[in-house]
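This report describes a single protein chain from its overall fold to selected local features. The sequence and the coordinates are shown first.

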Amino acid sequence: MHNSRLLLRSGLILAAAAALPAALAGPSAAASGISVSTTGSTVSVVTSACTQINGSWGTAALLTSRQANFAQGRQVALSGTSVSQSAAWSSVSPGTYTVVVVCSSGSTAGSQSVIVSSPARPTISATSSPAPSRGVMGGLGGATRDYGPLTLGLGGALVGAGLVATGWFLRRRSRPYRL
C-alpha cells in the first residue's frame, strides 16, 4: 500500500514536471487575436476569435503602407471551423504589410504587421574542392542533426525514469515474499 502511494506521488511529480515548460511558455505572440506567417511570397493569417454568422466567418485584408483603411486592402474571406479560421494571399510582392481581420459580427479580431522578403536566389559556384586532407573523421555515430535542449532534456528524463524504475524493481525483488 505504501509503495503504491509512493508510485502515485512520483507519477504526479513527473506529470507536473512534464507540463511545466508549456506553462512557463505563457501566451504566444497571438495575443492580438491573430497569428500571421509568411512562406516565400504567401502570407497567411489564422485566428480563433470569430464566430460564424449567416455562413460567414469574416474577412481579412492585406494592406500596404500606402493604404489607410480596411476597404483599400486585398480582401479574402475567412474559412475554417469554430476552432480556427484562416485566410491566405499568394504572389505577394516583397515589402511591409499590415494584416487586419474583421469578424462577421463587425468586431476586429486583430491586426499585425508582417514583412515579406524577396526570395533568395541560389548562387552556383564552379569551383572544385580538394580531397580531404585528414581523411574520414571517426566519432560516436553519424550525428547529422543537432537536437535541441528540449529533446535532450526529455531523453535524459526518460533515461533517469528508467534507472529509477529498474532500481525500484531490483530492490523490491530482493526482499523476501510477505503476506
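**Architecture.** The model is predicted. The chain contains two helices and eight strands. Read from the N terminus, the elements follow the order α-β-β-β-β-β-β-β-β-α. Of the contacts between residues at least 6 apart in sequence, 54% join residues at least 24 apart. Buried residues account for 15% of the 179 residues.

In soluble globular proteins, nonpolar side chains tend to be buried together. In this model the largest nonpolar core comprises 19 residues, and Val43, Val45, Trp89, Val99 and Val101 are those with the most contacts inside it. At least two core residues come from each of β1 (34-39), β2, β3, β6 (85-89), β7 and β8 (108-116). Strand β7 provides the largest share, four residues. The surroundings of Val45 illustrate how separate parts of the sequence meet. Leaving aside residues up to four places away in sequence, Val45 touches Ile34, Ser35, Val36, Ala60, Gln85, Ser86, Ala87, Trp89, Val99 and Val101.

**Disulfide.** A disulfide is a covalent bond between the sulfur atoms of two cysteines. The structure has one disulfide. This bond joins Cys50 to Cys103, with an S to S distance of 2.0 Å. The torsion about the S-S bond of Cys50 and Cys103 is about -75°, so the disulfide is left-handed. The pair links distant parts of the chain: Cys50 lies in the loop between β2 (42-47) and β3 (58-64), whereas Cys103 belongs to strand β7 (residues 95-103), and the two are 53 residues apart. Both cysteines, Cys50 and Cys103, are buried. Cys103 has a relative accessible area of 6%, which is under 20%, and therefore counts as buried. Beyond residues up to four places away in sequence, Cys103 touches Ala49, Cys50, Trp57, Gly58 and Ala109. A separation of 8.6 Å is found between the C-alpha atoms of Cys103 and Leu78, which are 25 residues apart along the chain.

**Backbone positions with positive phi.** Most residues other than glycine have a negative phi. Asn54 is placed in the loop between β2 and β3. Ser91 also has a positive phi, about 55°, although it is not a glycine. The loop between β6 and β7 holds Ser91. Asn54 is exposed, with a relative accessible area of 80%, and Ser91 counts as exposed at 60%.

**Surface patch.** Where does a nonpolar patch form on the surface? Trp168, Phe169 and Leu170 make up such a patch, with about 300 Å² of accessible area together. Leu170 is part of helix α2 (residues 149-174). Because its relative accessible area is 48%, between the limits of 20% and 50%, Leu170 is classed as partly exposed.

The relative accessible areas of the individual residues discussed above are set out below.

| Residue | Relative accessible area | Class |
|---|---|---|
| Cys103 | 6% | buried |
| Leu170 | 48% | partly exposed |
| Ser91 | 60% | exposed |
| Asn54 | 80% | exposed |

Methods: Residues numbered from 1 in each chain as written. Predicted model: local features only at pLDDT ≥ 70, side-chain atom pairs only at ≥ 80, totals over all residues. Heavy atoms only, no water. Patch = residues over 30% accessible without salt bridge, like charges linked within 9 Å, V, L, I, M, F, W, Y side chains within 5 Å. Areas by Shrake-Rupley, 256 points an atom, 1.4 Å probe, with all protein chains shown as cover. Salt bridge = Lys/Arg side-chain N within 4 Å of Asp/Glu carboxyl O. Buried < 20%, exposed > 50% of the residue type's maximum accessible area, 1.4 Å probe, protein only. Disulfide = S-S within 2.5 Å. Core = buried A, V, L, I, M, F, W, Y, C linked by side-chain atoms within 4.5 Å. Contact = heavy atoms within 4.5 Å.
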